[in-house]
Amino acid sequence: MTYIAKPRIDMPGARTNAVGLKQRDYEGVLSTLCAGCGHDSITAAIVQAFWEMSIPPEKVIKLSGIGCSSKTPAYFISGAHGFNSVHGRMPSVATGALAANRDLVCIAVSGDGDSLSIGFGQFGHAVRRNVNMLYIIENNGVYGLTKGQFSASADPGSKAKKGEVNHMKAIDPVATAIALGGSFAARSFSGDRDQLVPLIKAGVTHPGCAVLDVVSPCVTFNDHVGSTKSYAYTREHYYAAASADFVPPATEIKASYAEGELLPVTMHDGSKLMLRKADADYDPTDRSKAMEYLEKHSSKGEVVTGLMFINEELPELHTISGTSKSPLSHMDFEQLNPGSAALAKLQQRLR
Ligand SMILES: Cc1ncc(C[n+]2csc(CCOP(=O)(O)OP(=O)(O)O)c2C)c(N)n1
Ligand code: SF4
Ligand SMILES: [Mg+2]
C-alpha cells in the first residue's frame, strides 16, 4: 500500500500519558481518504481513546479487511502490530493472532461491505466465539472503495447518488450481534466524538467481542438527499439511548448525576461506564429488552446510538477452549514441541 508519512511536529508543552507518550505517538501516516469522510473522524477518536488509556503501542494489534474503512489502521498507532487482510476475512486473522497471543489488545476495523456482505459469516463467528477484540464497523451503507454500490446495510427506500432506490432489507450489525448471543453491542456516529470515545474505551476493556457499529458518512457516494446514511439524515434522526462517561479503575467519580438518570456498568477490570439514560425503558443488560428497544426506534427510522447490550460474564474464546494462559511466543521449545509420542496420541484420538 502506498502511504504518505506525516511530518513530525512536536507541539511544545504537549501532555504525555501514563506511559510517557504524546497523543502524536498514537497517530499513523497521513490519510488519503476524501476530505470530510466519516472514517477520518473515527480514526481521530481511536487515537484519543488509546492515548487517554495509556496503552503501550507495542501491545496493540490492528487488523482490517478491504475497503476505505479497512485502510484506516494505517492512520493510527504506527507503533502497533498490524495486518491488512483479505476482503471479509479479517475475523479469521484476528482469531488466529489472538489464539497465538492472548495478551495483545486487538482493534479491528471493518466496513459494512467487509462485514455484512462478503464477510457476514466471518463476522457471525467472531461474535459467536466471543473473540476478545474491539470490532468497529465503519458503516456508510455503500461500498465506498469500489465507487458507491449499495451494501447490505443500505436501508429500504434509500436512494443512491444517481437515483436508484434500494428495495432490500438492511442488516443491522447491532441487532445481529445481540441475536447471535454476542456479549457487547453498541452504535455511535462519526460526528459524535463525545459518545464515541467512551464507547471505544469500553469496547477495548470488555473481555470478549465488542461490536461497535459507527455510522460514518461517505461524502463522495452517499451523502445526498434521499440517503439514510448522510450527515444530515443521521443528525436529524439521531437518538441517543444513553450518553456515556468512561471512568478508569480506582478513579473517583467526580461528575454529579441526577437520581434515577444514571445506570453504572462495571467493567471486569473495575472501570465503570456511567450511562445517562434518555429513556426509562432502556436496559442494556437485558437481551430481549435491548432487541425490543432497538426495533421500536429503528422502525420509526431513528438511528439509535449508545451501548445497546452488554454481558461481562460470557466467556471469551480462550476460556471456552481452555487454551494456554501464556502467549506462544513466550513458551520455550519443549512446551511448543511436545514430541512424536504426544502427536501419535493425538492422532489416535482422531482415528
Ligand atoms: C474478494 C474480493 N471481492 C471484492 C473485492 C472488491 N471490493 C473491494 S472493497 C469492496 C467493498 C468495500 O466496502 P466497505 O467494506 O463498506 O468499505 P468502505 O469502502 O465503504 O469503507 C469491494 C466489493 C475485493 N477487493 N475482494
Ligand atoms: S469514497 Fe467514501 S468512504 Fe471512501 S474515502 Fe471517499 S468518502 Fe470515504
Ligand atoms: Mg462501506
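In which loop does I77 lie? I77 sits in the loop that runs between α2 (68-71) and β2 (81-84). These labels follow DSSP runs, numbered from the N terminus: a helix is a run of H or I of at least four residues, and a strand is a run of E of at least two.

This is a predicted model, in which local features need pLDDT of at least 70 and side-chain atom pairs count only at pLDDT 80 or more, while totals for chains, interfaces and linings use all residues. Residues are numbered from 1 along each chain as its sequence is written, and side-chain values use heavy atoms, with hydrogens and water left out.

We begin with the backbone. Most residues other than glycine have a negative phi. I77 has a positive phi, near 40°, and is not a glycine. I77 is also buried, with a relative accessible area of 0%. Here buried means under 20% relative accessible area, exposed means over 50%, and partly exposed is in between (1.4 Å probe, protein chains only). S54 is another residue other than glycine with a positive phi, near 55°. S54 belongs to the loop between α1 (38-52) and β1 (60-64), and with 14% relative accessibility it counts as buried.

Next come the charged side chains. How many salt bridges does a search of the whole structure find? The search finds 7, where a salt bridge is a side-chain nitrogen of Lys or Arg within 4 Å of a carboxyl oxygen of Asp or Glu.

One of them joins E52 and K201, whose closest N and O atoms are 2.6 Å apart. E52 is in helix α1 and K201 in helix α7 (residues 193-205), so this pair ties together parts that are 149 residues apart in sequence. E52 is partly exposed at 37% relative accessibility, whereas K201 is buried at 11%. The side chains of K201 and E52 also make a polar contact (2.6 Å). A polar contact is a pair of N or O atoms within 3.5 Å; within protein, one must be able to donate a hydrogen and the other to accept it, and residues adjacent in sequence count only if both atoms are side-chain atoms. What else is K201 in contact with, leaving aside its neighbours within four places in sequence? Besides E52, K201 is in contact with A49, M53 and F246, contact meaning heavy atoms within 4.5 Å.

A salt bridge also forms between the side chains of D155 and K229 (3.4 Å, N to O). D155 lies in the loop between β6 (149-150) and α6 (173-179), and K229 in the loop between β8 (209-215) and α8 (231-236), so the pair ties together parts that are 74 residues apart in sequence. D155 is partly exposed, with a relative accessible area of 24%, and K229 is buried, with 9%.

D172 and R187 meet through their side chains in a further salt bridge (2.9 Å, N to O). D172 is in the loop between β6 and α6, and R187 in strand β7 (residues 184-189), so parts that are 15 residues apart in sequence are tied together. Salt bridges that share partners join D172, R187 and D213 into one network. R187 is buried, with a relative accessible area of 6%.

The aromatic rings come next. A search of the whole structure finds 5 aromatic pairs. Rings of Phe, Tyr and Trp (its six-membered ring) pair if their centres lie within 6.5 Å; planes under 30 degrees apart count as stacked, over 60 as edge-to-face and the rest as tilted.

The rings of F123 and Y135 have centres 5.3 Å apart and planes at 75°, so this pair is edge-to-face. F123 lies in helix α5 (residues 120-129) and Y135 in strand β4 (residues 133-139), so the pair ties together parts that are 12 residues apart in sequence. Both F123 and Y135 are buried. The rings of F189 and Y238 have centres 5.9 Å apart and planes at 50°, so this pair is tilted. This pair links distant parts of the chain, with F189 in strand β7 and Y238 in strand β9 (residues 238-240), 49 residues apart. F189 is buried, with a relative accessible area of 3%, but Y238 is partly exposed, with 24%. Ring pairs also link F120, F123 and Y135 into a cluster.

Technical notes: Chains lettered and ligands numbered in written order.
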